[in-house]
Amino acid sequence: MSSFRITTSMKMNTYRYNLNQSNTTLFNSSEKVQTHRKFNSYAEAPADATHAWIIRRDYMDNDAYRNNNSDTYTRFQTAWLAMGDMKNHLEDATGRTSILRGLDDPTAAAKQELGGVLINTSETIVQTMNGAKYGEEFVFSGTNGSQPPFSWDENGNLLYRGINLTPPDYNAGWKDHNQFTDIGGGKYRDANGDVFTIVDSTGATATSGYMKYEDGTIADDEGNHLPLYNNPPAADQKYPAADLTTGSIILGPGGPDGQLKDDVIGEGKLKKVSTADNWEWGARLNDEGIPEDFLKKYGDTLKTFEDAEGTTPAQEAEKAAKAAVGGREYNDLTTDEDREKYEKAYNATKAEYDSKKAWYEYFQNVRTLNKLAEEEQYADLGLGMEEITDENGNTKMVGSTVYNNAIPGIKMLGYGIDDDGDPKNLVLLMREFGELLSTCDNEGKYPNAGDKEKAFRLLAKYDEASSLTLSGYTYTDVQGKFLQANGSTLDGQSYNLNEERAALEDVDVADAISMFMWDYSCYSANLKIGTQLLSESLIDYMR
Amino acid sequence: MAVIGTFGSYTAARLGIYSAQSAMHVVGNNIGNINTEGYTRQRTDQSSMYDTGTPRYQNQFNINIGYGAIVDNVSQLRDPFLDIRFRNENASLGYYEAMQNGLEQISNILDEVGKGDEGFGVIEAQLGDFKNALDYLLEHPNSTTHDDLARGAASTLCTLLNSYAKELEQTKRSEEARLMENVDEVNFILENIRDLNEQIRTQSVYGGNALELRDARNVQIDKLSKFMNIDVTYSMERINQTTEVEKLTITLKNTDDYTWNGARQNNPITLVDGIYAAKMDFGPDENDRASIWGPSADDPNKSVPTEKYVFYDIGYDWFNEDNSKSPFNVPMIPANSHVNLQDLPADIQAKINGTEPIDRDSTKAVFEAEKYRVLNFGETLAINPEYDPMDKTPALKYLDKNGVPTDDIDKAAVITSYQKGADDNRYMFRISELTDKRGIIKDYDRPMYTSYPVWLDDNDTYGYLQGLREMLTEEGEYSSQLDIALDPNAAVKHGIPYFQHMLDSFAQKLASELNSANTMPNVEDYVKVYGLTGTLNMVTSTDKDGNTIQVPDPATTFADKSSAATPPAAIQTGTGFAAFSGTLPDGTAINITAGDISLKTLQDLRKVIDAAQDPDNPFPKDSEATPPALNDFEAYQTALKDYQICLNALRDNGTLTEEYRFYDGGMLFSNNGELDDPSNINAKNISVSYSWAHGMNRILNSVKPNETYIDADDGSVKWQDGTTRNDNIAHFVSLMGQTKKYNAKDTVHDAVYNNTEFFKGNFQEMYGNVTSTLGTDSRTANVMYSTYNLTTLNLDNDRISVYGVDLNEEATNMMQFSQAFSAACKLLTTIDEMLDTLINRTI
């Protein structure tokens with residue numbers, strides 16, 4: 001500051017201002033030394049403070065993510081241990097089943113023992129799944145962690161969260177009534193996906209009769225497609241020997257009447273089907289493991305069988321029974337023959353409808369199980385949790401931004417049936433397989449014809465189901481590794497965020513102290529000026 | 001040799017002694033006053049005495065020689081230009097000092113830098129804790145412990161917000177007290193200046209220079225200049241035919257074009273005019289207005305002054321019959337202004353009042369303004385900010401009720417100050433008429449020039465007072481149309497109300513988002529979740545205060561689900577459904593009959609609420625035509641409250657269906673801890689709801705319906721449990737990080753910024769925005785204050801450089817005048833010796 005005329009009061013005025021400034025500066029630098037912070041209010045450094053808060057928020061978030069990650073890791077660790085345990089059991093059982101595979105007909109003891117092992121292992125697996133808990137939460141219960149995932153009911157059915165996993169008897173109803181799918185236009189598709197029309201013995205289209213495929217062949221009972229002789233010979237004329245090949249269709253006794261007969265040379269009979277006997281659910285299971293027309297018939301809303309069909313097995317049985325005896329009530333029947341007819345019709349229809357009901361309920365539950373297998377339970381592991389809103393205003397998590405820590409037990413063990421009607425669930429398969437082996441007699445013979453084939457069929461499926469479960473083990477293993485890696489990343493981020501925060505907020509101690517010392521010197525010098533220099537004037541030197 | 005008596009030289013020596021003595025006395029006075037505030041150094045004005053007359057017997061060879069020195073005067077050394085500069089800057093210093101003080105106090109509450117555990121802040125940290133608690137709950141969705149933890153974190157957050165809001169309110173009160181005290185101080189200064197003027201005037205009349213009084217007056221003016229931006233002028237006032245004295249006038253700077261009600265002879269607005277001074281006040285206290293003023297025609301609950309004014313359009317003036325401009329008795333009316341109706345001639349008043357048609361051929365005079373509006377005192381018309389009469393093609397002049405420009409004065413929106421209401425107190429200053437010490441009004445006997453009280457415009461007092469006013473009134477983005485009309489920069493100024501509103505916006509958004517996430521958005525959802533088949537019927541009941549209220553009838557409404565025989569205990573407020581009819585922005589007609597409640601009514605209420613919350617199509621809004629009953633904010637509030645009562649009743653009395661049996665959500669935040677009332681939540685009242693606090697409500701794990709399955713035992717349809725399903729908790733966690741839009745109108749219903757959000761960000765960012773805005777404002781105020789502090793110091797030093805006392809200088813003067821004194825004495829003795837020689841030794 002300079003001015004033409006420096007007066008005493010000017011000097012005092014300026015001194016007061018400068019001393020105050022100097023004191024303020026000293027205060028600020030001493031505060032920095034004391035608090036180790038570069039700024040102590042937003043106003044001192046708005047931009048740095050804003051940035052520092054962003055980093056602090058990230059740091060706090062990161063802290064939560066690390067905790068979440070650690071919790072989730074523990075959860076998966078629990079699952080991984082359980083799955084590892086199962087893996088050991090499976091390896092043991094699989095080793096034993098290899099005996100079966102290697103030795104075509106092992107000793108009876110080996111079969112029975114293997115059967116026992118499989119049954120025991122299946123139960124152990126259920127116990128292991130149920131025993132896997134994270135805190136109070138059952139790890140394999142999907143999103144109902146407060147309840148154990150699996151249980152057995154009094155009928156020996158395996159239940160997942162109360163839903164029956166054990167399929168009804170394949171041969172009762174399903175096989176007979178679920179043979180083809182109506183694809184419209186008088187055409188149908190069989191279980192193999194081949195399209196056919198139903199023709200009567202004259203070759204005319206009908207709702208009941210023979211399965212005539214698009215290539216002109218006819219199906220027999222074994223599912224073989226037999227060529228139809230398309231150039232009928234004249235009356236009494238024998239077929240040329242060359243035409244009488246196995247699988248060819250011949251005309252029946254009585255001459256060439258132009259009608260199909262159900263005799264097939266060298267084979268069984270032609271297969272006869274009827275749309276009335278078919279359940280209209282479709283012959284094939286779709287990707288979701290339910291008959292392809294099941295949903296078309298029953299819609300999205302789950303109802304009881306009675307509500308869906310508008311009838312009960314007993315009502316249908318009674319109706320059929322009455323029809324069998326000319327519409328009369330049972331009490332009105334007078335002959336044993338009629339009563340027998342009535343009862344036979346009643347029992348047959350009741351069995352058919354009971355079977356239909358059982359399968360209906362089973363597939364409805366498969367539909368629910370499909371949803372339960374894909375349940376999600378979210379964890380916020382710092383993946384950028386984000387929601388999207390669809391056109392209906394419903395919000396949904398973006399899958400890649402959240403971690404799904406639900407481990408539905410049925411996804412590990414499988415559920416539903418395959419095209420052969422065999423359960424896909426490992427436990428049920430092991431149990432069925434085990435029970436089958438256990439039924440072998442002392443010589444290792446299976447009690448029924450076809451059991452051996454079934455045993456080998458189940459063996460193949462057991463391998464498949466085992467691999468599903470083993471891949472579950474791999475899944476938990478991989479997830480555990482991911483969580484470990486994520487934890488490391490989060491730790492690194494935490495460190496970096498803290499470093500960044502420190503760089504923004506914390507003072508360099510050497511700088512701060514030297515600045516403080518400098519400010520202190522300035523302040524001291526200022527005080528000296530006040531006490532020694534300012535007070536002097538010419539008057540001090542006047543005589 | 002001059003014609004001088006023998007002893008004449010003695011006189012010259014004596015005068016020299018006198019002069020030196022006087023000068024020494026002035027030096028003494030200067031030194032003595034070196035620390036006196038405002039003291040202006042003085043100096044003796046010394047001149048040489050000589051005789052210009054010619055003696056009758058003068059020798060032709062005579063030469064005129066002076067008779068010695070005389071002290072003509074003692075004067076002050078002061079530079080008025082530097083005073084002006086200093087006072088200009090001093091007003092800015094005052095303004096920023098007030099801002100800095102105010103912001104500092106707000107910062108003490110809101111600025112969390114370096115506060116809290118490890119510097120993580122207080123509310124910032126609490127928000128983080130709440131978010132973390134939600135994250136933990138996400139991990140453990142079936143844990144009531146973790147829900148309790150989240151509730152605890154939320155409760156602390158609410159308490160902190162309450163505390164901050166209350167502290168802000170307290171700060172506002174103390175700032176208000178400070179403003180009142182400072183207005184008293186200003187009045188004291190004005191009174192002082194007036195009294196000093198009178199004393200100086202009296203002394204001047206008798207020839208005195210009243211230097212010390214002037215100094216005292218300057219000190220007072222300097223003080224005044226910090227409070228407001230003033231102009232100081234000096235003029236000569238004629239006392240009588242021969243005497244003129246200096247008159248000091250202080251006016252408010254930049255009020256030459258003053259246009260507010262009743263301003264006419266007082267442009268620029270005068271604070272002090274010689275021996276007259278004005279006083280400053282705020283007019284009637286808000287609470288007293290109702291008794292002093294009359295009820296507003298629009299709203300009997302609002303009070304407005306009963307005086308009437310005419311707002312007339314630009315370009316019109318008063319004319320006589322001969323087309324010459326009429327002086328009337330209001331010659332100073334500026335164009336585009338108000339004029340007091342009572343000041344108009346009776347016949348014009350009659351015309352304006354409608355009792356007589358306006359007629360240009362009137363015998364006396366014609367009111368040329370064909371377009372005018374008669375307004376109440378305190379009202380004005382909304383002027384389009386784009387309008388500039390100097391433009392070649394000016395924009396339309398007015399804004400209508402919807403903010404649409406119009407040139408039709410009849411459609412212009414009337415904006416009113418001084419209403420009873422939350423933020424209506426704008427602390428507008430009123431400058432009283434100029435009165436002298438005895439209380440006599442200046443020019444009371446000259447009607448054309450009689451001094452009148454005037455209201456100041458928003459920015460007329462730039463200085464400490466304005467800084468305080470702005471701290472008390474400025475609402476930033478929450479400003480109303482009137483705020484903007486009064487101050488075009490209102491939307492960017494941030495006072496305590498702005499920060500209060502920001503906290504309110506934050507609290508509201510937090511509560512509404514989290515409440516929404518925990519409740520069902522649609523009536524249909526309630527019907528579905530509670531499996532309702534009955535209708536909602538209202539019956540009369542009594543609330544806890546004994547008031548008669550309408551509540552849903554449990555007997556009929558919940559006949560299918562509930563056996564409750566008494567009205568729900570939780571319903572303690574509300575007065576039942578109001579009747580309204582109107583049309584929603586989408587054209588939907590709404591007709592609700594009071595007391596006749598059905599689910600459709602509930603749905604209609606919801607539509608009203610949704611429409612009100614639609615940022616693209618705001619509703620309710622003012623309409624140009626006859627407004628439907630729904631165009632009423634209170635109606636909307638009633639609808640909201642009624643709706644809530646019904647939903648609470650459903651929750652309390654209904655039974656969740658199997659499919660939704662997990663649905664135990666509900667209101668999490670309320671406007672008090674005793675109820676689950678989410679209406680009108682703000683930072684001061686936000687609380688954890690009664691039901692959440694008592695464990696009746698929980699954070700809803702999931703909003704997805706339970707999956708169904710068929711039970712193997714009996715073939716019945718059953719529902720899966722989802723005890724650890726956490727999709728809704730994930731939604732909560734996601735909400736905490738989601739970007740939300742903040743609209744000023746959501747918080748302050750008369751906010752002019754309606755359709756555009758003023759901030760977008762997540763909750764923490766919003767709170768950060770509050771503090772960063774505060775930080776930036778504080779920094780600006782600090783920097784400006786420092787700048788003006790230094791500038792005023794320099795200017796003050798410049799002034800002191802001229803008028804200040806310097807000890808060295810005074811010491812030099814002391815020596816100089818001492819020497820002069822000694823020399824004069826020596827002259828005396830020398831002359832004495834000469835005469836001694838002449839008289840005693842010559843003869």
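In this predicted model, helix 4 (residues 144–205) of chain B packs against helix 8 (residues 464–473) of chain B at an angle of about 155 degrees, and their axes are 10 Å apart. That angle makes helix 4 of chain B roughly antiparallel to helix 8 of chain B. As for handedness, the crossing of this pair, helix 4 and helix 8 of chain B, is left-handed. On the helix 4 side of chain B, the residues taking part are B:Lys172, B:Glu175, B:Glu176, B:Arg178, B:Leu179, B:Asn182 and B:Val186. They meet B:Tyr464, B:Leu465, B:Leu468, B:Arg469, B:Met471 and B:Leu472 in helix 8 of chain B. Sorted by class, the contact of helix 4 with helix 8 of chain B has seven nonpolar residues, one polar residue and five charged ones.

Another helix pair in chain B is helix 10 (residues 496–518) and helix 18 (residues 763–803), whose axes come within 10 Å and cross at roughly 175 degrees. With such an angle, helix 10 of chain B is roughly antiparallel to helix 18 of chain B. Helix 10 of chain B brings B:Phe499, B:Met502, B:Leu503, B:Phe506, B:Lys509 and B:Leu510 to the contact, while helix 18 of chain B brings B:Phe763, B:Met766, B:Tyr767, B:Val770 and B:Leu774. The make-up of this contact between helix 10 and helix 18 of chain B is ten nonpolar residues, no polar ones and one charged.

Helix 10 and helix 18 of chain B turn up again around helix 16 of chain B, as they are among the elements that its buried residues pack against. Ten of the eleven residues of helix 16 (residues 727–737) of chain B are buried, so this helix is largely enclosed by the rest of the structure. The buried ones are B:Asp727, B:Asn728, B:Ile729, B:Ala730, B:His731, B:Phe732, B:Val733, B:Ser734, B:Leu735 and B:Met736. Also packed against the buried residues of helix 16 of chain B are helix 3 (123–139) of chain B and, from chain A, strand 13, strand 14 (387–389) and strand 15.

Next comes the meeting of the two chains. In total, 64 residues of chain A are in contact with 59 residues of chain B. On the chain A side, at least two residues each come from helix 1 (8–35), helix 2 (46–102), strand 5, helix 8 (336–373), strand 13 (378–379), strand 15 (395–397) and helix 13 (538–541). Helix 2 of chain A gives the largest share of that side, ten residues. By class, the side of chain A that touches chain B holds 24 nonpolar, 26 polar and 14 charged residues.

Strand 4 (residues 158–160) of chain A is joined to strand 5 of chain A by two bridges. A:Leu159 has A:Asn164 in strand 5 of chain A as its bridge partner.

Helix 8 of chain A holds A:Trp359. This tryptophan, A:Trp359, is buried, because 26 other C-beta atoms lie within 10 Å. Leaving aside residues up to four places away in sequence, A:Trp359 touches A:Pro168, A:Gly173 and A:Trp174. The C-alpha atoms of A:Trp359 and A:Leu81 are separated by 36 Å, and the two residues are 278 residues apart along the chain.

Technical notes:
Residues numbered from 1 in each chain as written. Chains lettered and ligands numbered in written order. Predicted model: local features only at pLDDT ≥ 70, side-chain atom pairs only at ≥ 80, totals over all residues. Pairing = 2+ DSSP bridges. Helix = DSSP H or I, 4+ residues; strand = E, 2+ residues; numbered from the N terminus. Axes fitted to C-alpha atoms, helices over the stretch in contact; angles between N-to-C directions. Parallel < 35°, antiparallel > 145°, perpendicular 65-115°, else oblique. Contact = placed C-beta atoms within 7 Å. Nonpolar A, V, L, I, M, F, W, Y, C, P; charged D, E, K, R; others polar. Buried ≥ 20, exposed ≤ 12 C-beta atoms within 10 Å, placed from the backbone. Left-handed = near helix turned anticlockwise from the far one by under 90°.
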